[in-house]
Amino acid sequence: MTIPSLAAATYIDAERDLNQLVDSLRAERRIACDTESNSLHAYRGRTCLIQLSTPDRDVLIDPLRIADISALGLVFADPGIEKIFHAAEYDLICLKRDYDFDVRPVFDTMAAARVCGYTRIGLGNMLEELLGVRHSKKHQTADWAQRPLPPSHRQYAQMDTHYLLPLRDILYGELQRAGRLEEVFEYFADVTAFEVKPQEFDPEGFWALCRPKDLNPRQAAVLRELYILRDELAQHYDQPSHMLIANKALLKLATTSPRGPRQLFGVSGLPPWLVRQNGGEISQAISHGNKSLAPPQPPHRVTIPQAIADRYSALHTWRKGVALSRGVESDVILSKGSMWAIARRKPASVDDLDCIPGLGPWRRATYGADLVSVVNGQGR
């Protein structure tokens, strides 16, 4: 097993150097890509580092030090340059959310590995199994907003892209020999389709922490007040709200309503330092909740008609069988969203499968007849 010693990556933290880099990258046909963010350490996470590798060099781009990185968008959007990621979705979300970058085309080595039937698909596992390279993930949860970035963090980040190009080539070869290139590129379209959800606080989101029947009206009102206060404190301390005060702590406070700051000490998931700093505000929120009207119940879930549920169940059974015969995970065959769409539409023919999300030309040609048979009670 190889523990690599790489030449230091080029660190870019000035706009002039970034523009020069972009000029050179436009001549590349393939670029390995990754990002690091501080989502585990901040109220609103942001992209803190962008890693790129070509066959000749590794580059670390510091978007916290460069006021304008928009020039990099030309590279990400260039249809003539393949961008290779491992588990692309979150990176693509960050690049779109923070910089409005559209990234295409994408080759996702984790998705490719899933189509090939690999089960240990983390980057460290893939590098070890296919390239004999050891890559420790000990800095995976680091605070990537810290500056200066320690040398160990730089090398870790560099490793995330340095071997992606040869890893891509190995997986591409396996897919080509298995006749699965058309399938994998259709699967890439699935795993890279995402929606950037607005980062807005919903005061009614407290219902997600519990089942409505588990709380009486007074407890629900207290939980809502605490939920709102937690968000305000998380913004103030720039910490993720669920890590500042654990969900279980909010529920404990809502169901027990301790009186006064002193009774807050010892509640699991509520840091003592926060009680010392903001215990009075927490107690006031509990008191206010006890005097407030009960919040309205969340909307009831829409009941799914039994016929649709039965068709979905039949599709689920079919998918499991196909996945077992292929030696892959079930969602490689078809996503749950696609199965629900098919169950609701109840297609009478393969042509009726057009426009179903996640059913591209390859899946329609390969599975279409079976899908129609399954939802019409003639499953094969």
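Modeller: The crossing of helix 13 and helix 15 is right-handed. This is a predicted model. The two axes come within 8 Å and cross at roughly 135 degrees. Angles over 145 degrees would count as roughly antiparallel, and 65 to 115 as roughly perpendicular. Helix 13 and helix 15 are therefore oblique to each other.

Now the residues. Helix 13 brings Ile 308, Ala 309, Arg 311, Tyr 312, Leu 315, His 316 and Arg 319 to the contact. Helix 15 meets them with Lys 336, Met 339, Trp 340, Ile 342, Ala 343 and Arg 344. By class, the contact residues divide into eight nonpolar, one polar and four charged.

The largest nonpolar core has 47 residues. Leu 315 and Ile 342 are among those with the most contacts inside it, along with Trp 318, Ile 333, Leu 334 and Leu 371. Helix 13 (306-326) and helix 15 (336-345) each give two or more residues to this core. So do other elements, including helix 7 (164-178), helix 14 (330-333) and helix 16 (361-375). Another core, of 28 residues, lies apart from it, with Leu 223, Ala 234, Leu 253 and Ile 286 among its members.

Last, the whole chain. The protein chain has 16 helices and six strands. Its C-alpha trace spans about 70 × 60 × 40 Å along the principal axes. Of its 380 residues, 46% count as buried. Among contacts with a separation of 6 or more, 66% join residues 24 or more positions apart.

Notes:
Residues are numbered from 1 along each chain as its sequence is written. This is a predicted model: local features need pLDDT of at least 70, side-chain atom pairs count only at pLDDT 80 or more; totals for chains, interfaces and linings use all residues. Side-chain values use heavy atoms; hydrogens and water are left out. A nonpolar core is a set of buried Ala, Val, Leu, Ile, Met, Phe, Trp, Tyr and Cys residues joined through side-chain atoms within 4.5 Å. Buried means under 20% relative accessible area, exposed over 50%, partly exposed in between (1.4 Å probe, protein chains only). Helices (H or I, at least four residues) and strands (E, at least two) are DSSP runs, numbered from the N terminus. Axes are lines fitted to C-alpha atoms, for helices over the stretch in contact, and angles run from 0 to 180 degrees between N-to-C directions. Angles under 35 degrees count as roughly parallel, over 145 as roughly antiparallel, 65 to 115 as roughly perpendicular and the rest as oblique. A crossing is left-handed if the near helix is turned anticlockwise from the far one by less than a right angle, and right-handed if clockwise. Contact means heavy atoms within 4.5 Å. Ala, Val, Leu, Ile, Met, Phe, Trp, Tyr, Cys and Pro count as nonpolar, Asp, Glu, Lys and Arg as charged, and the others, Gly among them, as polar.
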